Amino acid sequence: MIKKIFIALIGFFLIIVFYFFYAVIINPKSPKGEASIIEKELELSVSYYRPYKKNRLIFGEKKDSALVPFDEYWRLGANFATELSLNKPILFSEKNLNAGSYRMYAIPNSKSWEVVLNSEAGAFGFNPPDKKNDILSVIVPVQETDQSFEQFTIDFNKDSLGINLIMHWDKTKILVPIKPN
């Protein structure tokens, strides 16, 4: 009898593990996204998960049931924490950043976002990081766009001033300037 209960518990545990593995790794509702750019010898990449809008209020007040409430931690996507990797030192919005991999998160607001880089790369993003491990923080303005993005998107582009890290979702766009250091 005890052996049957033990086998049933192991079976139940395995079902939960396989379901978690399937839902988060194999077939997540928010698929994995990657963006990268190579400029001369500088290589930048971002790994993140891309949630969909699905007729929800994305950015706004908590009382209005916004998916991403103002003035609260947001992992910049879904599932695992968003990770920024770079092979050479850069200026991240005019602040020095050494080569390495960093957990990237934000504190959104209606007029600006605080974008933070933290040394806890590779973490699951549900819980906020330990602020003691924050490497740098920048404030960037919010840009409203006419085009609505159904899926959260991070990308890079080049202009005459350098490279821009661009995040957009719904009608909100954030741009972080990056220059080789």
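**β10 and β11**

I started at Ile-154, which stands opposite Met-167 in β11. This is a predicted model, so I keep that in mind for everything below. Next I looked up how β10 and β11 pair: 11 bridges join strand β10, residues 134-159, to β11, and the two run antiparallel. The link between them is a hairpin, and it passes through two residues.

β11 has another partner on my list. Three bridges join β6 to β11, again antiparallel. In that pairing I found Phe-92 opposite Ile-178 in β11.

**His-168**

Then I stayed on β11, which spans residues 162-180, and picked out His-168 there. Buried or exposed? His-168 is buried, because its relative accessible area of 13% falls under the 20% cut-off. What does His-168 touch, leaving out residues up to four places away in sequence? I noted Phe-149, Gln-151, Phe-152, Thr-153 and Lys-173.

**Whole chain**

I stepped back for the overall layout. The chain holds one helix and 11 strands. Reading from the N terminus, I get the order α-β-β-β-β-β-β-β-β-β-β-β. Of the 181 residues, 40% count as buried. The chain exposes about 10700 Å², and carbon and sulfur atoms supply 57% of that area. I also checked contact range: among contacts between residues at least 6 apart in sequence, 56% join residues at least 24 apart.

**Salt bridges**

How many salt bridges are there? I get 10.

Lys-158 forms a salt bridge with Glu-39, with the closest N and O atoms 3.0 Å apart. Lys-158 lies in strand β10 and Glu-39 in strand β1, so this pair ties together parts that are 119 residues apart in sequence. Glu-39 counts as partly exposed, at 24% relative accessibility.

Glu-41 pairs with Lys-88 in a salt bridge, and here the closest N and O atoms are 3.7 Å apart. This pair also links distant parts of the chain: Glu-41 is in the loop between β1 and β2, Lys-88 is in the loop between β5 (82-86) and β6, and the two are 47 residues apart. I looked at cover for both partners. Glu-41 is exposed, with a relative accessible area of 58%, whereas Lys-88 is partly exposed at 33%.

Asp-134 counts as partly exposed at 25% relative accessibility, while Lys-131 counts as exposed at 53%.

**Positive phi**

Last, I went through two backbone entries. Lys-40 has a phi near 60°, a positive value in a residue other than glycine. Where is Lys-40? I found Lys-40 in the loop between β1 (32-39) and β2 (42-49). Lys-40 is exposed, because its relative accessible area is 74% and the cut-off for exposed is over 50%.

Glu-94 also shows a positive phi, near 70°, and is likewise a residue other than glycine. Glu-94 has its place in the loop between β6 (90-92) and β7 (95-97). With a relative accessible area of 55%, Glu-94 is exposed.

Methods: Residues numbered from 1 in each chain as written. Predicted model: local features only at pLDDT ≥ 70, side-chain atom pairs only at ≥ 80, totals over all residues. Heavy atoms only, no water. Helix = DSSP H or I, 4+ residues; strand = E, 2+ residues; numbered from the N terminus. Buried < 20%, exposed > 50% of the residue type's maximum accessible area, 1.4 Å probe, protein only. Contact = heavy atoms within 4.5 Å. Areas by Shrake-Rupley, 256 points an atom, 1.4 Å probe, with all protein chains shown as cover. Pairing = 2+ DSSP bridges. Salt bridge = Lys/Arg side-chain N within 4 Å of Asp/Glu carboxyl O.
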